[in-house]
There are 2 protein chains.
Amino acid sequence: MGKQQKLNILGLMSGTSGDGIDGALVKFESGVPPALLWHESMIFPKKIQDRIKHLMVRCNAQQLAQASTFISELYSQAVEVFRKKHSDLIDLLAAHGQTLAHVPSPAIWEDKTVFGSLQALNPGYLAERTGLSVASDFRSRDMAAGGQGAPLVPFGDLCFFGSIPGDSVILNIGGIANITVIRHGKEPFVEAAFDTGPGNMLIDQLAYEASNGRKAYDSDGAIAFSGKTNGDLLESLLQDPYFAQLPPKSTGREQFGVQRLKEIRDDWKNKISTANLMSTLLDLTVDSIVLALKSFVLPFGDVARLVISGGGALNKELIRRLNFRIPAKCEVEFSDAYGIPTLAREAMGFAALGNALILGIPANIPVATGARKKVLLGSLTPGSNLKDLLLNSILTFEPTP
Amino acid sequence: MGKQQKLNILGLMSGTSGDGIDGALVKFESGVPPALLWHESMIFPKKIQDRIKHLMVRCNAQQLAQASTFISELYSQAVEVFRKKHSDLIDLLAAHGQTLAHVPSPAIWEDKTVFGSLQALNPGYLAERTGLSVASDFRSRDMAAGGQGAPLVPFGDLCFFGSIPGDSVILNIGGIANITVIRHGKEPFVEAAFDTGPGNMLIDQLAYEASNGRKAYDSDGAIAFSGKTNGDLLESLLQDPYFAQLPPKSTGREQFGVQRLKEIRDDWKNKISTANLMSTLLDLTVDSIVLALKSFVLPFGDVARLVISGGGALNKELIRRLNFRIPAKCEVEFSDAYGIPTLAREAMGFAALGNALILGIPANIPVATGARKKVLLGSLTPGSNLKDLLLNSILTFEPTP
């Protein structure tokens with residue numbers, strides 16, 4: 001493992017929702033815990049969001065070639081916007097790119113096993129536009145080692161939450177909810193990391209549909225609070241085989257998205273009010289999280305705390321129910337309490353991946369991705385600041401055996 | 001400019017024809033001209049060729065994600081096959097990837113100028129499978145500097161032919177013919193590099209069609225030799241505005257491919273024999289090369305030699321006519337005479353690009369690509385041999401201002 005020098009790394013990511021770019025500048029320094037200097041988001045105008053969503057569904061090789069420079073241009077613009085607001089020196093960009101496709105299961109093409117995860121970005125383009133060195137392509141090496149190339153965020157969780165005493169579960173409630181389980185042996189380590197099931201995806205979509213598009217989410221969980229959960233429906237939803245499936249596992253929009261809500265609403269038309277359905281779906285999120293803890297985490301040992309991040313942390317009713325249902329010994333806390341703003345966690349995670357590349361530390365977590373072994377993640381594209389970066393860091397690099 | 005240490009770099013490329021992977025291992029050493037150690041080709045089975053061609057025409061984001069690991073797997077296999085035949089140590093792979101799309105003209109997407117050149121390859125995947133460090137993504141930074149990201153081979157030409165005394169034109173006759181003009185100032189430099197027009201594309205296609213698919217090309221130019229050029233047709237073909245267009249410029253399959261031949265044959269049905277048409281099309285290749293020399297090269301000074309590489313070098317009748325028509329002062333030679341086997345030139349060019357990345361030398365040629373300035377090309381993905389590679393090379397890196 002290489003020695004840490006002082007490096008300011010800007011993690012950059014844009015999620016599968018395609019709605020904007022999050023940036024978080026993290027200072028990594030020898031002997032000091034990594035520190036968030038700032039975080040920012042650049043929301044895309046509606047037209048750009050639409051174009052990105054369209055590319056995910058329908059595009060050819062030419063358009064995809066163009067999409068890479070398009071996304072690179074958007075990332076460059078985000079860096080420019082962020083730099084105007086903050087004067088801190090940036091040593092390195094660690095950029096995820098825009099996921100346009102992710103096919104977790106391998107396929108066979110002409111006797112070759114193929115995986116598929118496409119993060120549109122041309123690192124050379126971003127390096128030229130910003131003048132900064134770029135770390136990128138974090139997924140593909142894990143896939144070459146038999147993994148799914150995802151999730152990548154557990155390494156950052158270990159980096160930012162690993163020093164908290166006692167075992168912790170880091171819960172992110174985005175569209176999908178996922179957890180990272182951090183235990184302490186000789187050193188802190190990730191015991192498991194996987195998607196628990198739906199996060200906000202179904203409840204946001206219901207809020208949107210029920211308000212005819214005026215609401216993007218159920219603010220504070222007020223609608224759910226006003227409703228009463230339908231036990232039969234909840235029971236049937238919890239029968240989804242995903243919840244019983246052993247980790248590592250991941251799920252997505254295909255399984256718990258618009259289409260699923262449509263099926264539920266079609267089945268229960270006139271038999272359930274919006275408030276009761278909202279309450280039921282909120283319980284589905286809460287119960288599937290609790291189920292994951294009870295099935296796949298607590299059997300291996302108690303945990304001292306559940307640390308919540310993601311947009312779902314703002315849903316008061318969700319947090320209230322979660323608090324009520326998890327074991328009393330486990331504290332429910334928010335990531336902000338540990339210096340990790342709820343909305344900065346993922347971008348910070350990419351900063352941690354960039355730092356790992358520079359130090360030569362393998363950053364995939366095999367129990368999370370399913371890879372056969374730990375491998376170094378990412379490519380480095382030299383910007384005009386490369387010499388300093390190398391002198392500061394790669395000189396101390398020691399490769400993995 | 002950094003100092004050259006000893007590095008063996010394996011250039012790897014697969015052309016737009018999608019028929020296989022060429023590899024050339026080049027030794028770069030301080031104070032010694034770069035030397036080709038070996039070159040090899042791995043031809044894809046027909047099914048794989050078909051799949052690659054299909055991807056160029058029709059695919060979506062998911063398939064493209066999978067295509068990247070598919071191509072990476074093919075590149076890994078090629079490296080394995082080549083290594084079994086040759087025991088030389090490889091320090092670095094310099095891999096172009098498989099071009100699936102190249103859109104030379106910029107487009108506008110939501111007020112952003114987008115370029116498009118897609119070379120399918122996951123460098124992390126290749127690094128993991130081979131254990132070797134990988135240089136890749138050579139085009140995108142030139143595009144960010146306003147260039148077309150192509151041609152890339154002139155840098156290699158300068159590297160391998162620049163030390164020959166006197167000004168030279170390096171001519172490659174592939175499907176399309178292109179030239180690199182090397183002059184000598186204080187140091188050798190590339191004065192221009194562009195596509196002159198059709199190379200073998202039209203004559204190969206005619207040989208294929210006239211033989212009902214039994215012949216892939218006109219062997220030794222025998223059919224053309226037996227025919228007589230139709231002056232009217234040749235004259236009309238030479239009116240194509242491409243030939244008068246000022247460089248930098250590039251052309252391709254769209255302009256001088258199957259469709260163009262079909263148009264010509266439809267227009268001249270029953271009015272011209274196959275042999276006469278072959279002779280005429282061969283003259284089109286020869287005359288467009290000579291025209292390019294006379295219009296865009298010789299006005300800036302004589303050249304001592306024309307150095308020919310590419311499959312067209314094997315067409316005796318083509319070479320005979322070319323010899324006949326270029327100025328007497330200009331020697332016609334083959335690249336083999338300079339230690340550059342005709343079929344290794346492009347892969348060697350990528351080895352040269354890999355070396356340039358390691359040394360921190362900008363390798364785009366603005367007069368060729370149209371870029372506003374010289375920029376460093378490529379990304380580096382560390383393999384398990386990274387430490388040695390860095391100690392051998394990047395330590396001496398000095399960034400461009």
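This is a predicted model: local features need pLDDT of at least 70, side-chain atom pairs count only at pLDDT 80 or more; totals for chains, interfaces and linings use all residues.
Let me begin with helix 1 of chain B, where the buried residues are B:I48, B:Q49, B:I52 and B:L55. Seen down the axis of this helix, those buried residues fall within an arc of 125°, so they line one face of it.

As for what the buried residues pack against, the partners come from both chains: in chain A they are helix 2 (61–85) and strand 4 (92–109), and in chain B they are strand 3 (32–43), helix 2 (61–85) and strand 4 (92–109).

Let me turn now to the nonpolar core. The largest one has 72 residues, and those touching the most other members are A:L12, A:L93, A:L100, B:L12, B:L93 and B:L100. If we take A:L100 and leave aside residues up to four places away in sequence, its contacts include A:I52, A:L55 and A:M56, and also B:A61 of chain B.

Next, the domains of chain A. The assignment gives domain 1 as 2–147 + 353–397, and domain 2 as 158–338. Taken over C-alpha atoms, the centres of these two domains of chain A are separated by 27 Å, and the contact takes eight residues from domain 1 and eight residues from domain 2. The area buried between the two domains is about 650 Å², and carbon and sulfur atoms give 69% of that.

Finally, I would like to set two residues of chain A side by side. A:G31 lies in the loop between strand 2 (20–29) and strand 3 (32–43) of chain A, and because its relative accessibility is 84%, where exposed means over 50%, A:G31 counts as exposed. A:G31 is 261 residues from A:A292 in sequence, and the two are 35 Å apart in space, C-alpha to C-alpha.

A:I173, by contrast, has its place in strand 7 (residues 168–173) of chain A, and with a relative accessible area of 0% it is buried. Not counting residues up to four places away in sequence, A:I173 touches, among others, A:G199, A:N200, A:I289, A:I308 and A:L318. Between A:I173 and A:G339 there are 166 residues of separation in sequence and 18 Å in space, C-alpha to C-alpha.

Technical notes: Residues are numbered from 1 along each chain as its sequence is written. Chains are lettered from A and ligands numbered from 1 in the order in which they are written. Side-chain values use heavy atoms; hydrogens and water are left out. Buried means under 20% relative accessible area, exposed over 50%, partly exposed in between (1.4 Å probe, protein chains only). Helices (H or I, at least four residues) and strands (E, at least two) are DSSP runs, numbered from the N terminus. The arc is that of the directions from the helix axis to the C-beta atoms. Contact means heavy atoms within 4.5 Å. A nonpolar core is a set of buried Ala, Val, Leu, Ile, Met, Phe, Trp, Tyr and Cys residues joined through side-chain atoms within 4.5 Å. Domain bounds come from an automatic or database domain assignment. Buried area is the accessible area (1.4 Å probe) that two parts lose on being put together, summed over both.
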